[in-house]
Amino acid sequence: GAAAVVGDISASVWASVMQSPLLADGSTAAGSAVTLGMTRILGEPRPFGRSMFPQDIETLALAVVQAALRNGVVIATAESCTGGLVAGALTGVAGSSAVVDRGFVTYSNASKSELIGVPAELIQTHGAVSEDVARAMVEGALQHSRATLAVSITGIAGPGGGSEAKP
């Protein structure tokens, strides 16, 4: 997994695919899980009427949508601490409805179980901020959508949260 800093949020970002993995640069790699890292979601405020995302995130979202279009990939997100920001960045791209199926905001442990089928026992055993739960979130997003690629994000939000073991 890749540690990612999302505003003041530290998160682990995991992606998995049912078919050909789509890499951040738009290329594909046959057969295995792929790990995507986002360096930032929120930045300096933009003028009213413009996107809520900084230009570098808009550019990244555009690249992801264009790569998905080229490769016939359909995307779903399962987000916890980011609260739907990744889906928001993707759906802010014109034409993204052709490749973005849906986003699940699963902030609470109960929502992870109820919406995308993450076993409560898995959360109890490993904690919501774990590779095991992140992978289960991806699998659940794929099972509960029409997507061929899913991204899950889980982490501890806030400047006072986190530790060395769970950033």
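**Close-up views of a predicted model**

View 1. Just after H1, glycine 72 adopts a positive phi of about 65°. Helices (H or I, at least four residues) and strands (E, at least two) are DSSP runs, numbered from the N terminus. This is a predicted model, in which local features need pLDDT of at least 70, side-chain atom pairs count only at pLDDT 80 or more, and totals for chains, interfaces and linings use all residues. Residues are numbered from 1 along each chain as its sequence is written, and side-chain values use heavy atoms, with hydrogens and water left out.

**View 2. Helix H1 covers residues 55-71.** At 1.5 Å a residue, its 17 residues should span 24 Å, and the end C-alpha atoms are 24 Å apart, which agrees. The expected span is 1.5 Å times one less than the number of residues. Ile57, Ala61, Val65, Ala67 and Ala68 of H1 are buried. They lie on the same side of H1, because their arc around the axis is only 160°. That arc is taken from the directions from the helix axis to the C-beta atoms. Buried means under 20% relative accessible area, exposed over 50%, partly exposed in between (1.4 Å probe, protein chains only). The cover over the buried residues of H1 includes strand S3 (75-79) and helix H2 (85-91).

**View 3. Strand S3 is largely enclosed by the rest of the structure.** Five of its five residues are buried. Ile75, Thr77 and Glu79 point one way from S3, while Ala76 and Ala78 point the other way.

**View 4. S3 pairs with S4 and with S5.** Two strands pair if DSSP finds at least two bridges between them. S3 and S4 (residues 100-105) run in the parallel sense over five bridges. Here isoleucine 75 has valine 100 of S4 as its bridge partner. S3 and S5 (residues 149-156) also pair in the parallel sense, over five bridges. Alanine 78 stands opposite serine 152 in S5.

**View 5. S3, H2 and S4 form a right-handed β-α-β unit.** Right-handed means that, with the strands pointing away from the viewer, the path from the first strand over the helix to the second runs clockwise.

**View 6. Helix H5 covers residues 131-143.** Its 13 residues should span 18 Å at 1.5 Å a residue, and the end C-alpha atoms are 18 Å apart, which agrees. Among the buried residues of H5 are Val133, Met137 and Leu142.

**View 7. pLDDT stays under 50 over residues 1-49.** pLDDT is the predictor's confidence in each residue, from 0 to 100. The mean for the protein chain is 76.

Note on methods
Contact = heavy atoms within 4.5 Å.
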